[in-house]
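Dear colleague,

Please find the structure below, handed over for your study. My notes on what was found in it come after it.

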Amino acid sequence: MDELPIRTGDDVVRVRQQVRVVAAKTGLSLVDQTKVVTAASELARNALVHGGGGLARVEVVTSALGKSGVRIGFTDEGPGIADVDLALTDGWSSGVGLGLGLSGARRLVDEFDLTSKPGSGTSVVVVKWSR
Amino acid sequence: MDRVPILKIGTTLFVSIQIDLQDESVVRLQEDLADELAATGARGVIIDITAVEIVDSFIGRMLAMIGSISRLFDAETVLVGMRPAVAITLTELGLSLRGVRTALNAEKGLELLNGRA
Amino acid sequence: MDVDSSQQRMAAYMRDHQDKVVGRWSEIVVAGLRGRSSVAEVRRELEDLYSLVVRAMSGADEQVAGELTAVLTELSGSRARNGFTPRETALGVFALKDAVFELVADVADLAPEYLAFSRMIDDLGLLTFETYAAAREQIIADQATAMLELSTPVIRLWEGVIAVPLVGALDSARTQLVMEKLLETLVATGADHAVLDITGVSTVDTEVAQHLLKTVSAARLLGAECIVSGIRPQVAQTIVSLGIEFGDIATKATLADALAHVLNRRGQRIGQQRPGQQRTEPQKPGPA
């Protein structure tokens with residue numbers, strides 16, 4: 001498992017590159033690789049811009065039936081999301097009007113798990129499986 | 001931070017994005033393009049993203065903004081060379097980039113621009 | 001899988017009489033398989049499983065749960081491949097209860113431990129069923145993907161125009177495939193127009209319309225305009241009553257209408273040549 005800090009814009013690029021490397025290893029199709037790397041980019045940027053910085057964890061996972069996939073976890077110590085349901089609704093935006101990109105990222109992956117409480121940061125774990 | 005070079009050929013500005021761009025570089029590109037458009041009076045902008053493997057919502061919106069900025073200078077922007085995987089992903093993200101014209105490659109992009117001349 | 005540590009006594013018994021119990025277990029299983037396997041073959045498979053079960057009963061061992069799952073999954077898969085039903089495989093696992101009962105039936109105070117052991121074996125038997133079901137589902141999924149691939153052709157209709165006849169249900173899996181093939185073909189042919197023919201699409205509802213719109217959106221990002229053709233009268237009524245808007249996407253009744261529309265947009269014409277006459281129709285103007 002790789003742990004990558006998210007403190008700067010360059011870190012977001014590094015997260016993209018690392019996820020791409022791992023995704024390629026798991027035998028994801030090109031389109032699926034693109035989707036998961038893009039989702040990772042959205043979530044890493046969220047952690048940076050809205051979460052004040054955080055951490056990304058990238059690892060290969062294997063399902064019970066032997067399929068491989070890539071799992072990425074993002075954590076930040078930011079203000080957290082007050083209304084998670086609202087944030088996951090299409091078209092919701094926070095403050096600056098650019099949107100959290102959460103609902104978009106969710107559509108790009110197979111599994112999406114978000115936990116957040118105001119004051120205790122946000123954690124998002126996503127998984128994309130090879131077919 | 002990497003600055004993306006802008007080429008001027010005739011009345012068209014060419015931008016070819018070769019690497020995985022950091023956010024600041026994209027914003028910088030917007031500024032540089034605005035400067036060039038103002039300075040040269042170019043009528044068209046071609047942004048070649050053939051080599052770009054990832055376009056997320058931020059970069060997508062920046063590209064759309066470049067289209068809007070160009071229009072303010074009475075120039076048309078054409079985004080060319082988007083990869084199928086990128087197009088599918090952007091569509092899934094819900095970004096249609098309706099403000100920017102698109103073409104398969106720079107050559108077709110130029111035809112589009114000249115067509116409107 | 002809950003491991004009751006008070007199965008220590010039973011575990012000890014089972015370990016001490018491993019040879020006898022596994023032998024008896026193998027016999028019962030073979031009897032149930034109606035001659036399709038020999039005692040020796042079956043015994044080989046069950047020996048490992050038995051040791052793992054005893055280990056599990058002897059005490060908390062982090063690894064053993066994972067190993068048990070792995071061995072049972074393998075057993076389930078191998079039995080399935082050899083044509084045994086999942087019921088037969090599960091009954092084989094349950095048969096251990098009979099073999100062990102014969103061993104401990106007369107031993108005092110083992111009833112509570114036996115019950116705990118029995119529940120554990122029930123769990124393991126059910127696991128083989130789950131594995132079987134999951135494996136079948138994977139086969140179905142793989143076949144569905146293969147079928148999808150076969151039924152999604154992309155046709156070069158004319159210079160600069162490709163056609164995608166959609167047949168059957170347009171669900172998200174097919175839409176993904178259509179988008180991929182459509183876009184790849186656009187790149188390969190340099191086409192700037194695509195006709196999505198939905199004559200063969202069984203139901204057109206809001207979901208299908210969304211899939212079509214997604215496909216059009218993706219094609220546009222590659223500089224291609226899409227036309228939807230094959231709008232049947234009933235479909236037209238459904239679309240309107242559902243309030244689906246196609247916006248600025250042109251829609252036509254037939255593929256032929258769509259082709260004429262595209263040629264018109266590209267400034268091209270297909271004309272009729274009268275016998276003996278030179279062709280006077282205008283050629284395609286300029287670079288296409």
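This is a predicted model: local features need pLDDT of at least 70, side-chain atom pairs count only at pLDDT 80 or more; totals for chains, interfaces and linings use all residues.

Residues are numbered from 1 along each chain as its sequence is written, while chains are lettered from A and ligands numbered from 1 in the order in which they are written.

Chain A

Chain A contains four helices and five strands; helices (H or I, at least four residues) and strands (E, at least two) are DSSP runs, numbered from the N terminus. Along the sequence, these elements follow the pattern β-α-α-β-β-α-α-β-β. The radius of gyration of chain A is 14 Å, close to the 14 Å that the globule rule gives for 131 residues, so chain A is as compact as a globular protein of that length. Here the radius is taken over C-alpha atoms, and the globule rule is 2.2 Å times the number of residues to the power 0.38. The C-alpha trace of chain A spans about 40 × 30 × 25 Å along its principal axes.

Of the 131 residues in chain A, 46% count as buried. A residue is buried if 20 or more other C-beta atoms lie within 10 Å of its own, exposed if 12 or fewer, and partly exposed in between, with C-beta atoms placed from the backbone. Among contacts in chain A with a separation of 6 or more, 63% are between residues 24 or more positions apart. Two residues are in contact if their C-beta atoms, placed from the backbone, lie within 7 Å.

D2(A) is placed in strand β1 (residues 2-6) of chain A. With 14 other C-beta atoms within 10 Å, D2(A) is partly exposed. Leaving aside residues up to four places away in sequence, D2(A) touches Q18(A) and V58(A). Although D2(A) and V58(A) are 56 residues apart along the chain, their C-alpha atoms are separated by 5.1 Å.

Chain B

Chain B also has four helices and five strands, and from the N terminus on they run β-β-α-β-α-β-α-β-α. The radius of gyration of chain B is 13 Å, close to the 13 Å that the globule rule gives for 117 residues, so chain B is as compact as a globular protein of that length. The C-alpha atoms of chain B fill a box of roughly 35 × 30 × 20 Å, taken along the principal axes. Buried residues make up 46% of the 117 residues in chain B. Among contacts in chain B between residues at least 6 apart in sequence, 75% join residues at least 24 apart.

Helix α3(B) is mostly covered, with 10 of its 10 residues buried. Among them are P84(B), I88(B), T91(B) and E92(B). The covering of these buried residues includes α2 and α4 of chain A, α2 of chain B, and α7 (172-189) and α8 (206-221) of chain C. Just after α3(B), G94(B) takes a positive phi of about 95°.

Phi of D74(B) is near 60°, a positive value, and D74(B) lies in the loop between α2 (57-72) and β4 (76-80) of chain B. D74(B) counts as exposed because it has 10 C-beta neighbours inside 10 Å. L97(B) has a positive phi near 50° and lies in the loop between α3 (84-93) and β5 (101-103) of chain B. L97(B) counts as buried because it has 21 C-beta neighbours inside 10 Å.

The contact of chains A and B

The contact takes 20 residues from chain A and 16 residues from chain B. On the side of chain A that touches chain B, the elements that give two or more residues are α1 (9-25), α2 (30-49) and α4 (102-108) of chain A. Of these, α2(A) gives the most, with nine residues.

Chain C

In chain C, Q8(C), M10(C), A11(C), M14(C) and R15(C) of α1(C) meet V54(C), M57(C) and S58(C) of α3(C). By class, this contact has five nonpolar, two polar and one charged residues. Ala, Val, Leu, Ile, Met, Phe, Trp, Tyr, Cys and Pro count as nonpolar, Asp, Glu, Lys and Arg as charged, and the others, Gly among them, as polar.

Yours sincerely
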